[in-house]
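Please look through the structure below before reading the comments. The points are numbered so that each can be checked in turn.

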Amino acid sequence: QSVILESVTEKEKHLQVSYVLVVKEEEVPKSFRLELTLKKDKKAKYGYLLTEEPKVTETNYLEQIEQN
C-alpha cells in the first residue's frame, strides 16, 4: 500500500489536491486517484476545509509504471 501526492494547484482561492493510492484487494494491487478541493480556513483543525465531495476514480497508474 502506498500514497503518492500527484499534484497541488491553486485555483480561485481553492486548492486542488490529487493523490494516487495503491491498495491490495485480495492480493491484487489496484490504483486509485483521490481528488480533493480545499480552501484555507483558520478555524479548521488543520487549516483547510473540504469544499466538495472527494472524487475517487480507478486508474492505470501501475500499468504506466510497468511500461516505463
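The points below go from the model as a whole to single residues.

1. Basis of the model. This is a predicted model, in which local features need pLDDT of at least 70 and side-chain atom pairs count only at pLDDT 80 or more, while totals for chains, interfaces and linings use all residues. Residues are numbered from 1 along each chain as its sequence is written, and side-chain values use heavy atoms, with hydrogens and water left out.

2. Confidence. The score used is pLDDT, the predictor's confidence in each residue, from 0 to 100. Its mean over the protein is 89, and 88% of the residues reach 70 or more. Helix α1 (residues 61–67) has the lowest confidence, with a mean of 65, and strand β4 (residues 48–50) has the highest, at 95. Where pLDDT is low, the predicted coordinates should not be read in detail.

3. Secondary structure. The protein has one helix and five strands, and their order along the sequence is β-β-β-β-β-α. Helices (H or I, at least four residues) and strands (E, at least two) are DSSP runs, numbered from the N terminus.

4. Surface and burial. Of the 68 residues in the protein, 19% are buried. Buried means under 20% relative accessible area, exposed means over 50%, and partly exposed lies in between (1.4 Å probe, protein chains only). The protein exposes about 5900 Å², and carbon and sulfur atoms supply 49% of that area. Accessible areas come from the Shrake-Rupley method with a 1.4 Å probe; for residues, only the protein chains shown count as cover.

5. Contacts along the sequence. Among contacts in the protein with a separation of 6 or more, 23% are between residues 24 or more positions apart. Contact here means heavy atoms within 4.5 Å.

6. Nonpolar core. Which residues form the largest nonpolar core? The five members are L15, V17, L34, L36 and L38. β2 (14–25) and β3 each supply at least two residues of this core, and β3 gives the most, with three. A nonpolar core is a set of buried Ala, Val, Leu, Ile, Met, Phe, Trp, Tyr and Cys residues joined through side-chain atoms within 4.5 Å. Neighbours within four places in sequence aside, L15 is in contact with V8, T9, E10, L36, T37, L38 and Y48.

7. Salt bridges. How many salt bridges does a search of the whole structure find? The search finds three, a salt bridge being a side-chain nitrogen of Lys or Arg within 4 Å of a carboxyl oxygen of Asp or Glu. Side chains of opposite charge can pair when their charged atoms come close.

8. K30 forms a salt bridge with E25, with 3.3 Å between the closest N and O atoms. K30 is partly exposed at 26% relative accessibility, and E25 is partly exposed at 40%. E27 pairs with K24, where the closest N and O atoms are 4.0 Å apart. Both E27 and K24 are exposed.

9. Two serines. S18 is found in strand β2 and is buried, at 6% relative accessibility. Leaving out neighbours within four places in sequence, S18 is in contact with residues including I4, L5, R33 and L34. S31, in strand β3, is buried at 2% relative accessibility. The side chain of S31 makes a polar contact with the side chain of T59 (2.7 Å). A polar contact is a pair of N or O atoms within 3.5 Å; within protein, one must be able to donate a hydrogen and the other to accept it, and residues adjacent in sequence count only if both atoms are side-chain atoms.

10. The start of the chain. Is Q1 buried or exposed? Q1, in the segment before β1, is exposed, with a relative accessible area of 81%. Beyond its neighbours within four places in sequence, Q1 is in contact with V22, V23 and K24. Q1 and L21 are 20 residues apart in sequence, and their C-alpha atoms are 7.5 Å apart in space.
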